[in-house]
Amino acid sequence: MIIDKNESLAKASKELMLKEPFYGMFLIMLNKMWDKRVPTAGVGLNGINYHLYINEEFWGKLSPNHKIGLLKHELLHIGFFHLTDFGNMTNATVANIAKDLEINQYIEKDYLPEGGMTLDLFPELNLQ
């Protein structure tokens, strides 16, 4: 049985909303768009609206749990104001790593895909 990308996104969205209803308010307000120019996924501002951009090929390779984790990851960027608090950041790469490290602490390990930013990748920082 082949599941359409939109059905797959709707299913993962529903699973996240049932598992953690708080994220539903962020998820509902997002304009969701498939975009091959984005290597994985991301959120962005368009005026006062938020957009979720997902690479369809990347999405198709994720497990059901990783799809839920991806949605939560992107929603946490919105919830932690990561799209609007970049004014004092001098190094965009370091800022992006720091933001990913921050939010991935709120996602269960089983929901993070391999290669996701976690504190254990930076043991020299001695972060708790």
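**Core and side chains**

Modeller: The largest nonpolar core has 25 residues, and those with the most contacts inside it are L30, W59, L71, L75 and I78. Such a core is a set of buried Ala, Val, Leu, Ile, Met, Phe, Trp, Tyr and Cys residues joined through side-chain atoms within 4.5 Å. This is a predicted model, in which local features need pLDDT of at least 70 and side-chain atom pairs count only at pLDDT 80 or more, while totals for chains, interfaces and linings use all residues. Residues are numbered from 1 along each chain as its sequence is written, and side-chain values use heavy atoms, leaving out hydrogens and water.

Colleague: K72 next: buried or exposed?

Modeller: K72, in helix α4, is buried because its relative accessible area is 6%; buried means under 20%, exposed over 50% and partly exposed in between, with a 1.4 Å probe and protein chains only. The K72 side chain makes a polar contact with the side chain of E20 at 3.0 Å. That term denotes a pair of N or O atoms within 3.5 Å; within protein, one must be able to donate a hydrogen and the other to accept it, and residues adjacent in sequence count only if both atoms are side-chain atoms.

Colleague: How many aromatic pairs does the structure hold?

Modeller: Four. One of them joins F22 and F26, edge-to-face, at 5.4 Å centre to centre with 70° between the planes. Rings of Phe, Tyr and Trp (its six-membered ring) pair if their centres lie within 6.5 Å; planes under 30 degrees apart count as stacked, over 60 as edge-to-face and the rest as tilted. F80 and Y106 are also edge-to-face, because their planes stand at 65°, with centres 5.4 Å apart. This pair links distant parts of the chain, F80 in the loop between α4 and α5 and Y106 in the segment after α5, 26 residues apart.

Colleague: What about phi of F81?

Modeller: Phi of F81 is near 60°, a positive value in a residue other than glycine. Most residues other than glycine have a negative phi. F81 counts as exposed because its relative accessibility is 55%.

Notes: Helix = DSSP H or I, 4+ residues; strand = E, 2+ residues; numbered from the N terminus.
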